[in-house]
Amino acid sequence: MAHTPGCCNPCATCLLCFYSCRWVTAKKRKALKTTKCDCSWFLFLFCIFVFTLVWLYFAIIILNDFHNFNEFIFKQRKLWLDWSLVLLIATAVLISYSAALVVLALCLQLCGQPLKLHWLHKSLLILSTLVVAAAFTGLGIKWAEEWRSAYISLQATGPFLHIGIVGGMTLLAWPLASFIYSTHNKGLKVFLLLVYCAVMIALYLAPLGITSPCIMEENQLPPKPALVGHRGAPMLAPENTLMSLHKAVDCDVQVFETDVMVSADGVPFLMHDEELTRTTNVQAVFPERAALNSTAFNWTDLQQLDAGSWFLERRPFPTVQSLSAGDRYQVTKQRIPSLEQALEAAKQSNISIMFDLRPENHSDYQSFVNATLEVILQSGIPLQQVLWLPDGFREQVKQRAPGVQQVYGRKRIQNEKEPLLHVNLPYQDMSTEEIRQYRQGNISVNLYVVNQPWLFSVLWCSGVSSVTTNACQVLKEMKHPIWLLPSSTYLMIWIVVDCASLLAIFWAFLLLKKCFQGRQAAESETDVLLTKINSLMQE
């Protein structure tokens, strides 16, 4: 590749120093040339940059569900850490490193300097590729449902990703034009131009395949989904406590979602984990029994446990840091509540309560169902405020408490004898079309767990009835989806972006062509002048 004096020597020296990890003077740079191997490494670098950029997108998307990952690690290793911070920091380092090298390479190309990537950078790039590939592999093996989350996220980000990618590819026209005009390899020129044109045409037509429920008219927007507090308001108070229930009420939730277990002496109480180690101080109070199932403890033992202090010590959510002094004091006073206490609080607050009964595989599960039903019937709470999730012995529950609302954790089946009225499913398991069909059939759809505003916006536009959330304080404040575009407006944006990009690309190629022609003319005049001077000196 021929070198052109596109920037001052000090700048070129500094750029090459960072990229090549060596100090090269102007005289030595003239002897250096970009080889095919160097071009291959630049292509590899660009691919890694795109690869890490895609992983960054995935990392941001899976933040909605990352609390589940933290709980999973704790159950396996008994170690609590907010692994989302580790993920974001590692991803930021990888993307910053590859982005810096790409910018350096593009600047060197525009300056007409050789692309001599140092072996240290090459080694680190290969290592980065292996790390990101391992992350994607682990995601696919252990957390496969997040692929569906990524697909849903495209309904929220698709139109804006399209604009961003078109803008990025348009800017790439400058170094591409510089390389094409400076290289003498015609085959490579044609290949690069064909690839670039094919990519740009595909991007210009991409909106034909972009769909989003939020591309609609304002008057077509469904009502805002009701909020279901996942174990209460776990970002503001310890999960499955009375404080968490009251904080959820303050967030205007309509349903308190919880988990019920039954103690050894037959008292139903609120607890999600089969062991007590994560959300109580059982290791300090009963160290020899800490690993036992929650149902192995009697109610007197359970009442001795502190169910709040762990919340301040482990800080499961960043919001813990912003708690007031009064809230912190109240946290330390929390105990494991009984179902009877939770029903009384729900009745006084006029909210519904929805729960799972755990563990489903317990040998005494039928007695658990009977004990739970007995407490419900004796509590005096209106039965329509109780939403029953467990599938075990459901027919028995219908007979003893016909007023209890039955909520199913599955989709409807064809020719079903008794039509479903309420379904409770992971948000990844229902498409926009299914949500709208259920809505037309007057079936209430609750999806869990929805924490991020972008996801709430997509489900709102889709017409979901309610969502279970950890972040009720955030979703409460949303008065409108993050974005809503009429189809005509989106069509206009699409056309304007594509036309502006096309004009910018033509301008880049024409301007750089004129610059290179001017440089070639100047170089020709210099060569002629040098030839005349040599002739005169010889005479």
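Rings of Phe, Tyr and Trp (for Trp, its six-membered ring) pair if their centres lie within 6.5 Å; planes under 30 degrees apart count as stacked, over 60 as edge-to-face and the rest as tilted. The model is predicted, so local features need pLDDT of at least 70 and side-chain atom pairs count only at pLDDT 80 or more, while totals for chains, interfaces and linings use all residues. Residues are numbered from 1 along each chain as its sequence is written, and side-chain values use heavy atoms, with hydrogens and water left out.

Select F51, W55, F58, F136 and W147: these residues form one aromatic cluster. A search of the whole structure finds 19 aromatic pairs. One of them is F58 with F136, an edge-to-face pair with 5.3 Å centre to centre and 85 degrees between the planes. F58 lies in helix α3 (residues 36–61) and F136 in helix α6 (residues 119–142), so this pair ties together parts that are 78 residues apart in sequence. Helices here are DSSP runs of H or I, at least four residues, numbered from the N terminus. Both F58 and F136 are buried (under 20% relative accessible area, 1.4 Å probe, protein chains only).

Next, select residues 123–141. An unreviewed UniProt entry lists this span among its transmembrane regions; such annotations may be inferred rather than shown by experiment. The span is 100% helix and 0% strand, with its end C-alpha atoms 27 Å apart. (A strand is a DSSP run of E, at least two residues.)

Finally, select R412 and Y438. R412 lies over the face of Y438, at 4.6 Å from the ring centre. The cut-offs for this are CZ of Arg, or NZ of Lys, within 6 Å of the ring centre and within 35 degrees of the ring normal.

Definitions and conventions
Buried < 20%, exposed > 50% of the residue type's maximum accessible area, 1.4 Å probe, protein only.
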